[in-house]
Amino acid sequence: MSDTRADLAAAFLAATGWGAAHRVNIAGDASNRRYDRLRDADGGTAVLMDAPPAKGESVRPFVRITHALRDLGLSAPQVLAEDDDHGFLLLEDLGDDLFAKVVQAKPALEQPLYEAAVDLLVHLHTAPPPSLPPYDAATATPLAALAFDWYLPGATGTPDPGAKAAFDSACHAVLAPLDPALDVLIQRDYHAENLLWLPDRTGVARVGLLDYQDAMRGHRAYDLMSILQDARRDVPPALAVAMVRRYVTTTGADADAFGAAFACLGMQRNMRILGVFARLSMAYGKPHYVDLIPRVWGHLITALAHPALATVAPLITDHLPAPDPAVLASLKDKCGSVTL
């Protein structure tokens, strides 16, 4: 944090009564945001979000979506104070019990936690979304094509504009039929390192929510696919099947249509993540994201096996190399080599 930014943060905290609190950095993410835990003399805690506007961040979407989620009885952190102009929020501290950490420590809780996460989506999807931009084919296709923009040249050293153009056309064609069904709020990063276990609360409020500021209006399968095709941890296949069945049974969704949408959105998301992770390494000097790519590739191949993606699958597998050791080494060798 620059001295100027530090001064702004200090002034914000002083104005909120937390100026004397002890601060410890607890998280950063793939964005430019950072989070500090504050602890006052009485042992009370809160979280400072620092989202620098000069680096393209804004706290306004987070605040807006927070209010929408809390209005539905969901455990998004309460906004205690805000400075929209300078990009600071003081937030309720929901603790450290991320789903990924809880399951690692207590494997027997894996199924109950995922059931709670599915039930939260069922509850969320009973409500009309706030006014949000649609995550439609026109928006999602260029994001999927990030794999051709970053992963392909990072892996091989050579872009392929023709292959990218063919993929764009086929990807848009399989996503466009989903556009009439974009009728719920999708958080877009709904996974085990963005969910907190709050067992002292009841029902769907037991799931604490983080990192939802990029929410859009999307398809009901998207967030379920996001948590079950997690880039950071392996979800047992039997559990994933059971959770899809739980959602479909509870909501009365058409199983075949939902399964096709799940696969198409899985293709789109995992292609986007391939590109984003390669970009984070090559342009932002974060090579640890390369280590996650084999799991993402596995999710992509699983999605491509669905008949709904018969036209897209060869355009991906014929042009994008699998992330073998040589490909991963190539991506890491280019770490920080690209200037945006």
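Directly after helix H9 comes glycine 252, whose phi is positive, near 75 degrees, in what is a predicted model. H9 itself covers residues 237-251, and at 1.5 Å a residue its 15 residues should span 21 Å, which agrees with the 21 Å that separates its end C-alpha atoms. Along this helix the buried residues are Leu239, Ala240, Met243, Tyr247 and Val248, and the elements that cover them include helix H4 (110-124), helix H8 (221-228) and helix H10 (255-284).

A second place to look is the meeting of two other helices. Two packed helices are described by the angle between their axes and the distance between the axes. For helix H6 (residues 146-156) and helix H13 (residues 325-333), the axes come within 7 Å and cross at roughly 105 degrees; because angles of 65 to 115 degrees count as roughly perpendicular, H6 is described as roughly perpendicular to H13. On the H6 side the contact is made by Tyr151, Gly154 and Ala155, and on the H13 side by Val327, Ser330 and Leu331.

Seen as a whole, the chain has 13 helices and nine strands. Its radius of gyration is 21 Å, close to the 20 Å that the globule rule gives for 340 residues, and the chain is therefore as compact as a globular protein of that length. Along the principal axes, its C-alpha atoms fill a box of roughly 60 × 50 × 40 Å. Of the 340 residues, 49% are buried, and among contacts with a separation of 6 or more, 74% are between residues 24 or more positions apart.

Conventions: Residues numbered from 1 in each chain as written. Predicted model: local features only at pLDDT ≥ 70, side-chain atom pairs only at ≥ 80, totals over all residues. Heavy atoms only, no water. Axes fitted to C-alpha atoms, helices over the stretch in contact; angles between N-to-C directions. Helix = DSSP H or I, 4+ residues; strand = E, 2+ residues; numbered from the N terminus. Parallel < 35°, antiparallel > 145°, perpendicular 65-115°, else oblique. Contact = heavy atoms within 4.5 Å. Expected span 1.5 Å × (residues − 1). Buried < 20%, exposed > 50% of the residue type's maximum accessible area, 1.4 Å probe, protein only. Rg over C-alpha atoms; globule rule 2.2 N^0.38 Å.
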